[in-house]
Amino acid sequence: MDLLILIIIFTAVGGVLSVMAAAIFLLLPDHRRNAVLPHGISFAIGALLAVAFWGLIPEAFSEIKPEQFQSLSGTILAGVLGFFVLEKLLIWRHCHSGDCEAHGDEEEHDHDHGHSHSHSSAKSAGALIILGDSIHNFVDGVLIAAAFLTDVQLGIVTSLAVAAHEIPQEVGDFAILLHSGYSKSKALFYNMFASLTTVLGGVLAYFGLEDLHDSLPYFLALAASSFIYIAVADLIPSLHK
């Protein structure tokens, strides 16, 4: 099958399935949802770290010469630090429950500044979540395409790992949008729209990276650093809570 078609299928299916799974998850009773969520987060952590350390990083190093090892290691470290900065600048949050910092901030605004101000603030928070999610999904699409351009099997496991961590993230996004005053249908529509930027990122990366074979190991390194950062900085702290 044509590589571009594979990239489109796996970026689209992964994004849409994660949104639908999150929407179904939110329909569960609270006690059932709270019981299941830690297991989903645990699975996502394992999937991300396994793909990063057993798939992406070894494949990236196998594609370069020994004298490039140091620069590739530096790319992984720079990627982790870069994703930290992006999260702070873009409010790129992976909130996995209704009780998170974003919600706490909104509740404080409710108390201190009145209902109209808090409603506006909540809407702004929802818009930022949609923007941040769209950027995040676009980057995921680029990383999935880079993995497919290196090896089809690596592309498949990378896209599955992305889908695994997207489900708990989408649950958090739904919770924030609903808390911000969006209806369930609008929250579903905006999350679905944001998930389709994964396809856009994958298609653009296919045409942009196809002739840049020497750069692919560094994109794999960035994919690994993204997975490591999400698992260690976002998911593991959520699991502790």
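Contact here means heavy atoms within 4.5 Å. With that in mind, the legends below go through a predicted model, beginning with the whole chain and moving on to single residues.

**View 1. The chain as a whole, a predicted model built from helices.** The secondary structure of the chain comes to 9 helices and 0 strands, so that reading along the sequence gives the pattern α-α-α-α-α-α-α-α-α. Among the contacts in the chain with a separation of 6 or more, 82% are between residues 24 or more positions apart. Of the 241 residues of the chain, 46% count as buried.

View 2. For Leu48, once its neighbours within four places in sequence are left aside, the residues in contact are Ala161, His165, Phe227, Ile230, Ala231 and Leu235.

**View 3. The packing of helix 1 against helix 8.** The axes of helix 1 and helix 8 lie 8 Å apart, and the two helices pack at an angle of about 160 degrees. Because angles over 145 degrees count as roughly antiparallel, helix 1 is described as roughly antiparallel to helix 8. The crossing of these two helices, helix 1 and helix 8, is right-handed. On the side of helix 1 the residues that take part are Leu3, Leu4, Ile7, Ile8, Thr11 and Ala12, and these meet Thr198, Val199, Gly202, Val203, Tyr206 and Phe207 in helix 8. Sorted by class, the residues of this contact between helix 1 and helix 8 are 9 nonpolar, 3 polar and no charged.

**View 4. The packing of helix 1 against helix 7.** Helix 7 (residues 184-195) packs with helix 1 at an angle of about 155 degrees, and their axes are 8 Å apart. Helix 1 and helix 7 are therefore roughly antiparallel to each other, and their crossing is right-handed. In this contact Gly15, Val16, Val19, Met20 and Ala23 of helix 1 meet Leu188, Asn191, Met192 and Ser195 of helix 7. The contact of helix 1 with helix 7 consists of 6 nonpolar, 3 polar and no charged residues.

**View 5. Phe25 and its surroundings.** Phe25 is found in helix 1, and its relative accessible area of 12% makes Phe25 a buried residue. Leaving aside the neighbours of Phe25 within four places in sequence, its contacts are with Arg33, Val36, Leu37 and Val171. Glu170 is also shown in this view: Phe25 and Glu170 are 145 residues apart in sequence, while in space they are 10.0 Å apart, C-alpha to C-alpha.

View 6. Asp140 is found in helix 5, where its relative accessible area is 1%. Since buried means under 20% relative accessible area, Asp140 counts as buried. Apart from neighbours within four places in sequence, the residues in contact with Asp140 are Val162, His165, Glu166 and Thr198.

Conventions
Residues numbered from 1 in each chain as written. Predicted model: local features only at pLDDT ≥ 70, side-chain atom pairs only at ≥ 80, totals over all residues. Heavy atoms only, no water. Axes fitted to C-alpha atoms, helices over the stretch in contact; angles between N-to-C directions. Helix = DSSP H or I, 4+ residues; strand = E, 2+ residues; numbered from the N terminus. Parallel < 35°, antiparallel > 145°, perpendicular 65-115°, else oblique. Left-handed = near helix turned anticlockwise from the far one by under 90°. Nonpolar A, V, L, I, M, F, W, Y, C, P; charged D, E, K, R; others polar. Buried < 20%, exposed > 50% of the residue type's maximum accessible area, 1.4 Å probe, protein only.
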